[in-house]
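Please open the model in your viewer and keep the selection tool at hand.

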Amino acid sequence: MRIYGYCRISQKKQSIERQIRNIKEAYPSAVIIEEAFTGTKIDRPEWNKLYAKAKDGDTIVFDSVSRMSRNAEEGFNTYEELYTRGVNLIFLKEKHINTDTYKKSLSGLISMTNTNVDLILEGINKYLLALAKEQIRIAFDQAEKEVADLHQRTKEGIETAKLSGKKIGKSKGDTWETKKSKEAKQIILKHSKDFNGTLSDIDVIKLAGVTRKTYYKYKRELKTISCK
């Protein structure tokens, strides 16, 4: 039984580090699966690999339901399929739809009595089951709506900026910089053996507090700058 943490970003300017940090804080032993620059459908290569190999007893942790799917119908169907296979799903920001919670809802169904009362109890159980499923659907619907609203606001913001004569996007060769990335690069420049430091890559990664993938990305950028 393994614990996986699935993290996904859909735009270059987004940071995946926050998702990784949130999952690792809650589940330190989670194996992190990263996916970047994808669309709204579940056609992502890293997700497809995880989806195929996840088995009964495994756990997949998401920072939020929107990281699993931003398409409500696909998301709900995938949720039910994984639940049926015995895969435990955890959503850090929507704990009310974790599969453990869903399972408790189903276990709370009323047992039959082999009497005429069963006709009433069957109706109650169907209602409780539908209610539990509706909570999951609502979460995926909300995630889809939030993404649609964000895209609309972004589109309107770009149009407004263009009308105001503002520059949109970045020039070729520019890189997005955050306070955290700048601090990490300073640590790499100071301590990495590639830049006359004394620490190994593993030690610098720990010191900078970034993932292995991010570390080598930053190092490539720094080497490019130093060669100019």
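The stops below begin with the overall chain and continue with aromatic rings and a surface patch.

This is a predicted model, in which local features need pLDDT of at least 70 and side-chain atom pairs count only at pLDDT 80 or more, while totals for chains, interfaces and linings use all residues. Residues are numbered from 1 along each chain as its sequence is written, and side-chain values use heavy atoms, with hydrogens and water left out.

**The whole chain**

Display the protein chain as a cartoon: its secondary structure comprises 9 helices and 4 strands. Helices (H or I, at least four residues) and strands (E, at least two) are DSSP runs, numbered from the N terminus. Starting at the N terminus, the order of elements is β-α-β-α-β-α-α-β-α-α-α-α-α. Next, switch to a surface display. The accessible surface of the protein chain is about 14,300 Å², and 54% of it belongs to carbon and sulfur atoms; such areas come from the Shrake-Rupley method with a 1.4 Å probe, and for residues only the protein chains shown count as cover. Of the 228 residues, 35% count as buried. Buried means under 20% relative accessible area, exposed over 50%, and partly exposed in between (1.4 Å probe, protein chains only).

**The aromatic rings**

Select Y6, W47, Y51, F62, Y79 and F91, which form one aromatic cluster. Rings of Phe, Tyr and Trp (its six-membered ring) pair if their centres lie within 6.5 Å; planes under 30 degrees apart count as stacked, over 60 as edge-to-face and the rest as tilted. By this rule there are 7 aromatic pairs. Zoom in on Y79 and F91, a stacked pair with 6.2 Å from centre to centre and 15° between the planes. Y79 belongs to helix α4 (residues 72-84) and F91 to strand β4 (residues 88-91), 12 residues apart. Both Y79 and F91 are buried.

Now select Y215 and Y216: their ring centres are 5.0 Å apart and their planes stand at 70°, so this pair is edge-to-face. Y215 is buried at 0% relative accessible area, whereas Y216 is partly exposed at 26%.

**Helix α6**

Finally, select I120, in helix α6 (residues 118-163). Is I120 buried or exposed? I120 is exposed, because its relative accessible area is 56%.
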